[in-house]
Each structure stands twice: as structure tokens, then as C-alpha cells.
Amino acid sequence: MRLFKSFAAQPRLAIVTETFKHAAGDIMHFFVVFSSVYFCMAVNAVIFFGQDDINFCRLDWALFSVWRAMLGDWDWDSMRTIGREKAFVWLFLFILVVIVILMNILISILMGSYANVKMAA
């Protein structure tokens with residue numbers, strides 16, 4: 001915390017910390033939605049891939065594997081063992097909803113708060 005308090009002395013760094021303060025409520029609400037969608041996608045992965053892929057056989061492993069998939073490290077060869085179409089639908093929906101839509105919403109929350117803080121400064 002002391003590090004962030006020292007940012008207040010430098011105006012450009014203060015904008016960064018003020019942006020996070022300004023966006024804190026929206027980010028909290030975003031993570032409620034994000035965690036709900038993320039958990040549902042992990043449960044779907046257990047249902048779809050759990051019998052055929054060891055990375056999705058338990059919910060805790062699936063949560064980690066879905067996190068890795070969100071960061072771009074998915075194993076398509078093991079996913080398609082359940083069928084190409086079914087694996088494609090899950091991966092396409094995951095990429096569309098979690099990566100494209102939700103991550104862009106997070107970026108827009110931060111950019112909107114940054115614009116407001118920058119204009120006020």
C-alpha cells in the first residue's frame with residue numbers, strides 16, 4: 001500500500017491509482033458476472049470433456065484448464081476426442097463469451113474510468 005500512496009506524489013502515476021479507485025465498483029460487479037460465466041464454462045467442460053480428458057475430470061482441474069484456455073493454452077487434440085463439432089462449439093462459445101466479450105468489457109470499464117480521471121485531473 002505504501003507503494004501506491006507514493007504514486008500520489010507523481011501526477012501521471014496518480015492517474016493510474018485514481019483510475020482503479022474510480023473503477024472499483026464496476027470492476028467488482030464485472031467480476032461477479034465473470035466468475036459466474038467462468039464457473040458455468042468450467043462445469044460445461046467437465047460435462048463435455050470429463051470422461052475423456054484427465055484435465056477436465058474434476059471441477060478443480062477443469063477450473064485450472066479453463067483458466068489456461070482463457071490465456072490461450074488449449075489442447076485441441078485432447079478436446080476433440082469427444083467429437084470435433086461438440087468441442088468446436090464449446091471452444092467457440094468460450095472464446096466468444098469469455099475472451100472476446102468479457103475481456104473487452106473489462107477493458108472498456110478501465111478505459112472509461114481512465115478517461116473520467118484524466119479529464120478531472
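A residue is called buried when its relative accessible area is under 20%, exposed when that area is over 50%, and partly exposed in between. The model described here is predicted.

By this criterion, the buried residues of helix α3 are A62, S65, V66, A69 and M70. Around the axis these residues cover an arc of only 145 degrees, and they therefore lie on the same side of α3. Helix α3 itself comprises 12 residues, 59–70. At 1.5 Å a residue, a helix of 12 residues should span 16 Å, and the end C-alpha atoms of α3 are 16 Å apart, so the two values agree. After α3 comes G72, which has a positive phi, near 100 degrees.

V89 belongs to a nonpolar patch on the surface, formed together with F88, F92, L93, L96, V100, I101 and I105. The accessible area of the patch residues together is about 670 Å².

In helix α2, I47 has a relative accessible area of 58% and is therefore exposed, since the cut-off is over 50%.

Conventions:
Residues numbered from 1 in each chain as written. Predicted model: local features only at pLDDT ≥ 70, side-chain atom pairs only at ≥ 80, totals over all residues. Heavy atoms only, no water. Helix = DSSP H or I, 4+ residues; strand = E, 2+ residues; numbered from the N terminus. Expected span 1.5 Å × (residues − 1). Buried < 20%, exposed > 50% of the residue type's maximum accessible area, 1.4 Å probe, protein only. Arc of directions from axis to C-beta. Patch = residues over 30% accessible without salt bridge, like charges linked within 9 Å, V, L, I, M, F, W, Y side chains within 5 Å. Areas by Shrake-Rupley, 256 points an atom, 1.4 Å probe, with all protein chains shown as cover. Salt bridge = Lys/Arg side-chain N within 4 Å of Asp/Glu carboxyl O.
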